[in-house]
Amino acid sequence: MPLNCSISLATKVPHILGQGRRYAPNHFGKTSCFLTYSRNYQNKSLQIVSLSKLNQTQNYTSSIMEEPKSLDLLSGKPEKYSKEIDIAVRAVQMACSLCQKVQDSIISKSNNQVQSKDDNSLVTVADWSVQATVSWILCESLGSRNVSIVAEEDVETLSKTHKAGLLEAVVQTVNECLAEAPRFGLNAPGVALTTSEVLEAISHCNSSGGPIGRFWALDPVDGTLGFVRGDQYAVALALIEEGEVVLGVLGCPNYPMRKEWLNYHHRYHRIISKLTPPTSESWDKGCVIYAGKGSGEAWMQPLLQGNKKLVWPNSARPVRVSSINNPALATFCEPVEKANSSHSFTAGLAHSMGLRMQPLRVYSMVKYAAIARGDAEIFMKFARAGYKEKIWDHAAGAVIIQEAGGVVTDAGGRPLDFSKGMYLDGLDRGIIACAGPVLHDKIVEAVDASWNSSSL
Ligand SMILES: Nc1ncnc2c1ncn2[C@@H]1O[C@H](COP(=O)(O)O)[C@@H](OP(=O)(O)O)[C@H]1O
Ligand SMILES: [Mg+2]
C-alpha cells in the first residue's frame, strides 16, 4: 500500500494515543473500509496495521511510518493538544463515573447530599468532589505549575466548620474516585489524599481567567438542578489559550446514543434502559463529546461502564451537526428554567421565523452536545438583563459545536469572548448556537426585529 494512502486514511483516526479500529467511509478511493491502526505519540509513529475493504476480503499492511511531526492530521496545523485532549477526556470520564454514583444515591435515598449555597443555587458533594478530582488529575498529569484552573466552586464554603460532615463525604468520594484512575489510564495517588490535600486541589482552581496565557475552565456539575432532579447535567472542561477556547470536553452521563431519550425524564430513561438489552459499546448510556480547535472534527465516545478499562479510542466516532436549514423542520433547545432564559421571548422568535416544533427544554450544556450531535438544530439563551454569563457554562460547548460544523455567537452575531475573565463580558443580549449559518442568520434577524418590543 502506498504511504500517502495511509496518511489520507489516518486523517480519520482519532487524534489520540493508542490503538483502534475505525470505519473509514469513502476513503481509499471511493471504497468504504475498516482500518486497524496503532499510534504512538512518544516516538511519533503511526502504523496502519491492516486495512480491509468491506466488499473484499483483501487486507493491507503498512510499515511503521514517521507521523508528520508538525502537522495536524487533518488541517495541517500543529497537533498541539493531543496530550491535553487525552488527559481531559479521561478526567471527565472519571468525573462522570463519580457523578453517576452520587446521582444514583440521591435518587434512591433522597438523602441529604444537597446543601444550600449562599447564592441560593444548589450544590452537592459531586460538585466539590469533581472539582478536586479533575484538579488533582490535571496537576498530576501536566505538573501543577503548568495548570491554572477557573472553576465554579470556591473552597471557603466547603471549609466552614459546620460543613465538616460534608467535607468528610467529599474526601471519601474523591479518594474512591481517584483509586479508580488506573482503569481510566491515569495515575492514582500512592496513598489516599488527606483532607488538606483535597482542599488544596479545590483551591488550586483559583484562576480568574483573562486574555493572557493558558487556563482550564471547569464546570464540575453543570445543570445542578437537572442533577438533583435525576435529569440531564454535564461535566464541562475547556482549555483556553490567549483568550481562545482551544479544546472542549463535555461529559453527558444521562445523554445516551438514542436521541429520542433526550425528551424523557431520566427516571423514565432508567426504566427503559433496564428493559432494553445493553449493547457491547454501551451506547445506551451516557457519552463524552470532545473537540480540539482547528481540527474540523468533534468526537463522541461512550461512558466507561462497570469495571471496564478505558482503551483508547474507546469506540469514539465523529459527530457532525445536522444539515437541516429549514426552520419548519428544525428543533430548538433552551433551558428548562424560565428564570435562566425567557421562554416567552424565544417563543416569539420561533413563531416569527417559522419554527414549528415544540422547544426541547434540557438542563445544562447537554444542549450544546445535542446540537453537535445533530439531534437538534438551534440553542438559544436569553437571560434576564444584568445576568452575567460565566465562561465555564459555554466554553466547552462552543468549541465542540464549531468543530462539528456549527455556529456559536451572541445575539449580535459576534463570537463569544472568553478573554474577559470569569464572565462573557460584552455579550450582546443572548447566546445563539446553530447547526449552520442559514438558521443562524434568520435568528439574528428575528432578534433584531423583536428586541425593542420585548421586556428584556
Ligand atoms: N438567572 C440566571 N440566568 C441565566 N443563567 C443562569 C441563571 N442562574 C444560573 N444560571 C446558569 O445556568 C446554568 C444552567 O443552565 P441551564 O439553565 O441551561 O440548565 C447554571 O449552571 P450550574 O447549574 O452549573 O450552576 C448557571 O450557571
Ligand atoms: Mg453551569
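A residue counts as buried if 20 or more other C-beta atoms lie within 10 Å of its own, as exposed if 12 or fewer do, and as partly exposed in between, with C-beta atoms placed from the backbone. The model I am showing is predicted, so local features need pLDDT of at least 70, side-chain atom pairs count only at pLDDT 80 or more, and totals for chains, interfaces and linings use all residues. Residues are numbered from 1 along each chain as its sequence is written, and chains are lettered from A and ligands numbered from 1 in the order in which they are written.

Now the annotated positions. An unreviewed UniProt entry marks Glu 152, Asp 219, Asp 222 and Asp 393 as "binding site"; such annotations may be inferred rather than shown by experiment. Although these residues span 242 residues in sequence, no two of their C-alpha atoms are more than 9.4 Å apart, so they gather at one spot.

Take Glu 152. Is Glu 152 buried or exposed? Glu 152 is buried, because 23 other C-beta atoms lie within 10 Å. Beyond its neighbours within four places in sequence, Glu 152 is in contact (C-beta atoms, placed from the backbone, within 7 Å) with Asp 219, Pro 220 and Trp 392.

Next, Asp 393. This residue is buried too, with 22 C-beta neighbours inside 10 Å. Leaving out residues up to four places away in sequence, Asp 393 touches Asp 219, Asp 222 and Met 365.

Last, ligand 1. Around ligand 1 there are 15 residues (C-beta atom, placed from the backbone, within 6 Å), and among those that come nearest are Thr 224 and Tyr 363.

Notes. Two residues are in contact if their C-beta atoms, placed from the backbone, lie within 7 Å.
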